[in-house]
Amino acid sequence: QVQVVESGGGLVQAGGSLRLSCAASGVFSSINVMGWYRQAPGKQRELVASITRGGSTNYADSMKDRFTISRDNARNTVALQMNSLKAEDTDVYYCHAGSFLDYWGQGKKVTDST
């Protein structure tokens with residue numbers, strides 16, 4: 001059974017930092033790409049950042065100077081370090097693991113505490 005489990009998230013003030021982590025298990029084929037997406041109510045899910053098995057990264061333009069994605073291939077984990085958070089970063093963040101199929105976590109909410 002495939003599981004994609006996120007951790008982290010929560011309340012944060014504008015200008016603050018937060019780290020999201022994700023672990024994929026039960027995926028028997030190689031996970032080619034892992035990443036993070038976010039979705040606001042009533043809007044489409046959008047890419048935040050992704051990283052390939054070889055370490056190539058891709059960021060949304062509005063986040064590439066503030067967020068950093070990293071990955072541990074041996075553990076099938078991916079993390080997103082978010083710095084200089086803005087009010088508009090308040091969303092539900094979803095972990096994605098892509099191999100032969102796409103797998104998604106349940107989502108972690110990042111909320112502006114101000």
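Colleague: Which residue forms a salt bridge with Asp 72?

Modeller: In this predicted model, the partner of Asp 72 is Arg 75, and the closest N and O atoms of the pair are 2.9 Å apart. The pair counts as a salt bridge because a side-chain nitrogen of Arg within 4 Å of a carboxyl oxygen of Asp meets the cut-off.

Colleague: Is Asp 72 buried, partly exposed or exposed, and what does Arg 75 count as?

Modeller: The cut-offs are under 20% relative accessible area for buried and over 50% for exposed, with partly exposed in between. Asp 72 has 25%, so it is partly exposed. Arg 75 reaches 61% relative accessibility and therefore counts as exposed.

Colleague: What are the closest N and O distances from Arg 38 to Glu 46 and to Asp 91?

Modeller: For Glu 46 and Arg 38 the closest N and O atoms are 2.9 Å apart. For Asp 91 and Arg 38 the value is 3.3 Å.

Colleague: Now the strands. How do strands of a sheet pair?

Modeller: In general, the strands of a sheet pair through backbone hydrogen bonds, and the pairing is either parallel or antiparallel. Here, four strands make an open sheet with antiparallel pairing, in the order 1-3-8-7.

Colleague: Which strands are the edge strands?

Modeller: They are strand 1 (3–8) and strand 7 (67–72), each of which pairs on one side only. On average, neighbouring strands of this sheet are turned by 15° against each other, with direction ignored.

Colleague: How many bridges join strand 7 to strand 8?

Modeller: Six bridges do, and these two strands run antiparallel, with strand 8 covering residues 77–82.

Colleague: Which residue in strand 8 does Ile 69 stand opposite?

Modeller: Ile 69 stands opposite Leu 80.

Note on methods: Residues numbered from 1 in each chain as written. Predicted model: local features only at pLDDT ≥ 70, side-chain atom pairs only at ≥ 80, totals over all residues. Heavy atoms only, no water. Pairing = 2+ DSSP bridges. Axes fitted to C-alpha atoms, helices over the stretch in contact; angles between N-to-C directions. Buried < 20%, exposed > 50% of the residue type's maximum accessible area, 1.4 Å probe, protein only.
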